[in-house]
Amino acid sequence: MTLAVNIAQSGSSNVTFRNRLINGNMVIDQRNAGASVTPTATGGSGTYTLDRWNLYISQASKLSIQQNAGAVTPPTGFGNYLGATSLSAYSIGVSDYFFLYQAIEGFNTTDLAWGTASASTITLSFWVRSSLTGTFGGSLRNSAANRSYPFTYTISSANTWEQKSITVAGDTSGTWIGATNGIGMYVQFGLGVGSSLSGTSGAWAGANYLSATGATSVVGTNGATFYITGVQLEAGTTASPFEYRQYGTELALCQRYFQVFGGGLIGVTGTPTTTMYSNYPFPVTMRAAPTTSASAVFAFDTPGLATYTQSSASLGTNVVTTSGAFFQLDNFTGLVATRAYNQSNSSLVRLTAEL
């Protein structure tokens, strides 16, 4: 079912954390800090763009993604949006796919009781703007990718923000993960999906459908744009006003899945003289023990002595838990026994525990 509605953006509610989606107003962008990214990774784990929003593609370099792409005025009450821009006129093959999605953790969907006779109805609402008009598509999907609900919505006016709402009766069949840190549900927006991965809109299917049959392909038109914000998924049959959360709260919710830090890392030299050791407690407990990576070499200043810089970026052997990490930073030369302080924000450590 697809329905355009006029949802007030002001007012209050006694119910908090109605929105099961994180960063639905596209305010957090830890990875790219507002810069444009053109994903080249096909299949696999996709490419995270703005926090919690992943772009999954079958062909590289057909889309660019950027917070506030095109610098248009967001809908009233919003300061940010996610913008996708087509980089060519690509003809979709039957098995091609280009879609934005967010995976919702099972702990945050278990009360919906999907897969049982008590499955709750949900409503998905959002603001959208495109240079194209027509019928667009997306889907809801389980973690096993064998239950999906394709949906459609209509964009009536080009380059105009429109508000949409889609109400879906909960799935009483299939296996839906709940009460764990696994994937409870995927929420997906198609930007061009082939016929073999598209299904009939408005019905649950025992298949891996990423979008609805006949939906508009954004990647099919060179320079086409697709902007979205105010995305909310909640229990119930009607869309309520978007749930605004304090910036610090939204950031902390994102940091459960991804964190980045640079500067302020205190190191202690040891043996051998090529290695610096550092302990870093995470500001937020992560979903799982994260993978770690460094974006650049680390430079440590020692009081009254010198600055020591890695010859190449390395985190060495790390001990990582959900609440902190002990880093071994290798590739230094001539360290002396002392404490040192990393003041450079260009040396970034990325911690990833995405679904």
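Visitor: Let's start with E243 and R245. Buried or exposed?
Guide: Both E243 and R245 are buried. Keep in mind that this is a predicted model.

Visitor: What do their side chains form?
Guide: A salt bridge joins E243 and R245, at 3.5 Å from N to O.

Visitor: Which residue does R245 bridge at 3.0 Å?
Guide: That is E250. The 3.0 Å is the distance between the closest N and O atoms of R245 and E250. Both of these residues are buried.

Visitor: What's the general idea behind such pairs?
Guide: Side chains of opposite charge can pair when their charged atoms come close.

Visitor: How many salt bridges does the count come to?
Guide: The count comes to 9 salt bridges. One of them joins R52 and E354, at 2.5 Å from N to O.

Visitor: Where do R52 and E354 sit in the chain?
Guide: They are in distant parts of the chain, 302 residues apart. R52 is in the loop between strand 2 (47-48) and strand 3 (54-57). E354 is in the segment after strand 24 (349-352).

Visitor: And are those two buried or exposed?
Guide: R52 is buried, and E354 is buried as well.

Visitor: Which residues make up the network with R52?
Guide: Salt bridges link R31, R52 and E354 in a network.

Visitor: Back to E250. Which residues of helix 1 are buried?
Guide: In helix 1, residues 247-255, the buried ones are E250, C254 and Q255. Down the helix axis they fall within an arc of 140°, so they line one face of helix 1.

Visitor: What covers them?
Guide: The cover over the buried residues of helix 1 includes strand 15 (258-261).

Visitor: Which residues are on which side?
Guide: E162, K164, I166 and V168 are on one side of strand 10. Q163, S165 and T167 are on the other. Both faces are covered. As a general rule, side chains in a regular strand alternate between the two faces of the sheet.

Visitor: In what sense do strand 7 and strand 10 pair, parallel or antiparallel?
Guide: Strand 7 and strand 10 pair in the antiparallel sense, over 7 bridges. W127 stands opposite Q163 in strand 10.

Visitor: What's the order of the open sheet of 6 strands?
Guide: The order is 2-3-6-11-8-9, with antiparallel pairing. Its edge strands are strand 2 and strand 9 (148-155), and each pairs on one side only.

Visitor: Over how many bridges do strand 6 and strand 11 pair?
Guide: Strand 6 and strand 11 (residues 183-193) pair over 9 bridges, in the antiparallel sense. E105 stands opposite I183 in strand 11.

Visitor: Last one: F107. Where does it lie?
Guide: F107 lies in the loop between strand 6 (97-105) and strand 7 (122-130).

Visitor: Why does F107 count as partly exposed?
Guide: Because its relative accessible area is 46%. Partly exposed runs between the buried limit of under 20% and the exposed limit of over 50%.

Visitor: What is F107 in contact with?
Guide: Leaving aside neighbours within four places in sequence, F107 is in contact with A179, T180, N181 and R256.

Visitor: And how far apart are F107 and F126?
Guide: They are 19 residues apart in sequence. In space, F107 and F126 are 23 Å apart, C-alpha to C-alpha.

Key: Residues numbered from 1 in each chain as written. Predicted model: local features only at pLDDT ≥ 70, side-chain atom pairs only at ≥ 80, totals over all residues. Heavy atoms only, no water. Salt bridge = Lys/Arg side-chain N within 4 Å of Asp/Glu carboxyl O. Helix = DSSP H or I, 4+ residues; strand = E, 2+ residues; numbered from the N terminus. Buried < 20%, exposed > 50% of the residue type's maximum accessible area, 1.4 Å probe, protein only. Contact = heavy atoms within 4.5 Å. Arc of directions from axis to C-beta. Pairing = 2+ DSSP bridges.
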